[in-house]
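The sequence and structure are shown first, and the description follows.

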Amino acid sequence: MTESQVSGDTASIHLPAGFDVLADDDLLAQEVTESLQAVEEQLLAALSSTDELANSAARYLAEAGGKRIRPLLTILTSLLGEGVNERVLRAAMVMEMTHLATLYHDDVMDSAPLRRGAPSAHEVWGNSVAILTGDIILARASQLMTELSDDGSRIQAETFERLVMGQLRETVGPGEGEDPYDHYLGVIANKTGSLVAAAAQLGAYYGRTDPEHSQLLQTYGEAVGIAFQLADDVIDLTADGASSGKSPGTDLRERVPTLPVLLLRRAAQSNDPAAQAALELVEGDLTGDAELQEAVRAVVAHPVTEEAWAVARGWSTRAKEAIAPLPSSTVKSALLSFADAVVDRDG
């Protein structure tokens, strides 16, 4: 998955793969460029503080960069209606702030040493400061949303509840009698799908898109978010470390129950000898690189890896089907292309 460049009259920005089509429309490209630049400026301003520690910590991840997928979707979906306005820009900023806040919390829970190529916030300031920084960002995001409308505040609050519930359910694991596969899909729908869905929905809402279309875009966003995370699960095993910058098998080593492993367990329970042998390696000691590589090779060689890709592509298809009724436009083409791109990447 490579980035594309969209140029306006004043600057150029790099967008996630799938949005190349925007470059074919000069006026649209300029509007997207200028809108994203405005969101970036407002984001850094909203994260600023007179308190030196709060200022440094809150701006830390934002200044490290990121794809800005959520604000981009908010801007694009508004263009299916009356277009970008100050409310759209504010909602786009709030979506990115909410996403940033979850990263501070997630990195503490996962003990992740790096984020966006730099030491995680908890590695710099400690767990307590990282958690409180995430809380500060969420508080500011909520305050900014209340200045827009009650409906926007409700969507943001409901989304935040889903984010927390997803993390909670991931932490405690499947309940008694609950299918681990269904549990995991529910977790990623809450942790990843919900915020992407809200980003698409709020852009449509504040851009005064047809209410029926707004619902379609919300469905699209959730499906795209799920497809993205499912693809990440497979990429953890199949990525070329040299080109992607990721070490294959990180999730295996950390005992994260991702989609390929869940499918492998299901196959092993069905008395599949190859799955049972691979699962024995996965559940063994993976502290050594040689043992980890052997486990990765065993899982990748099993049909569950291709099955996992098929599941991810299925969610991408659901996303595209959701917006099929929308009138043809460059924005719609970009959304369709992005849905393909999230599952057609190597990192």
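## Local contacts and helix packing

The side chain of S149 reaches the backbone nitrogen of G152 at a distance of 3.1 Å. This description rests on a predicted model. S149 is placed in the loop between α6 and α7 (150-172). Its relative accessibility is 15%, and S149 therefore counts as buried, the cut-off being under 20%. Leaving aside residues up to four places away in sequence, S149 touches Y205 and Y206.

At the start of α13, a side-chain oxygen of D272 comes to within 2.9 Å of the backbone nitrogen of A274. Within α13, the buried residues are A275, A278, L279 and V282. These residues lie on the same side of α13, because they cover an arc of only 100° around the axis. The exposed residues P273 and E280 are carried on the face of α13 turned away from that buried side. The elements that cover the buried residues of α13 include α11 (250-253), α12 (259-269) and α14 (289-301).

Helix α3 (residues 69-78) has 10 of its 10 residues buried, so α3 is largely enclosed by the rest of the structure. Among these buried residues are R70, P71, T74 and S78.

Q229 belongs to helix α9 (residues 211-238). With a relative accessible area of 21%, Q229 is partly exposed. Not counting residues up to four places away in sequence, Q229 touches Y184, I188 and T192. The C-alpha atoms of Q229 and V342 are separated by 8.8 Å, although the two residues are 113 residues apart along the chain.

The two residues treated individually have the following accessibilities.

| Residue | Relative accessibility | Class |
|---|---|---|
| S149 | 15% | buried |
| Q229 | 21% | partly exposed |

The last topic is a helix pair. Two packed helices are described by the angle between their axes and by the distance between those axes. How do the axes of helix α2 (residues 52-63) and helix α6 (residues 127-146) cross? They come within 10 Å of each other and cross at roughly 80°. That angle makes α2 roughly perpendicular to α6, because angles of 65 to 115 degrees fall in that class. On the α2 side, L53, A54, A57 and A58 take part, and they meet V129, T133, I136 and I137 in α6. By class, the contact of α2 with α6 has seven nonpolar residues, one polar residue and no charged residues.

Methods
Residues are numbered from 1 along each chain as its sequence is written. This is a predicted model: local features need pLDDT of at least 70, side-chain atom pairs count only at pLDDT 80 or more; totals for chains, interfaces and linings use all residues. Side-chain values use heavy atoms; hydrogens and water are left out. Axes are lines fitted to C-alpha atoms, for helices over the stretch in contact, and angles run from 0 to 180 degrees between N-to-C directions. Helices (H or I, at least four residues) and strands (E, at least two) are DSSP runs, numbered from the N terminus. Angles under 35 degrees count as roughly parallel, over 145 as roughly antiparallel, 65 to 115 as roughly perpendicular and the rest as oblique. Contact means heavy atoms within 4.5 Å. Ala, Val, Leu, Ile, Met, Phe, Trp, Tyr, Cys and Pro count as nonpolar, Asp, Glu, Lys and Arg as charged, and the others, Gly among them, as polar. Buried means under 20% relative accessible area, exposed over 50%, partly exposed in between (1.4 Å probe, protein chains only). A polar contact is a pair of N or O atoms within 3.5 Å; within protein, one must be able to donate a hydrogen and the other to accept it, and residues adjacent in sequence count only if both atoms are side-chain atoms. The arc is that of the directions from the helix axis to the C-beta atoms.
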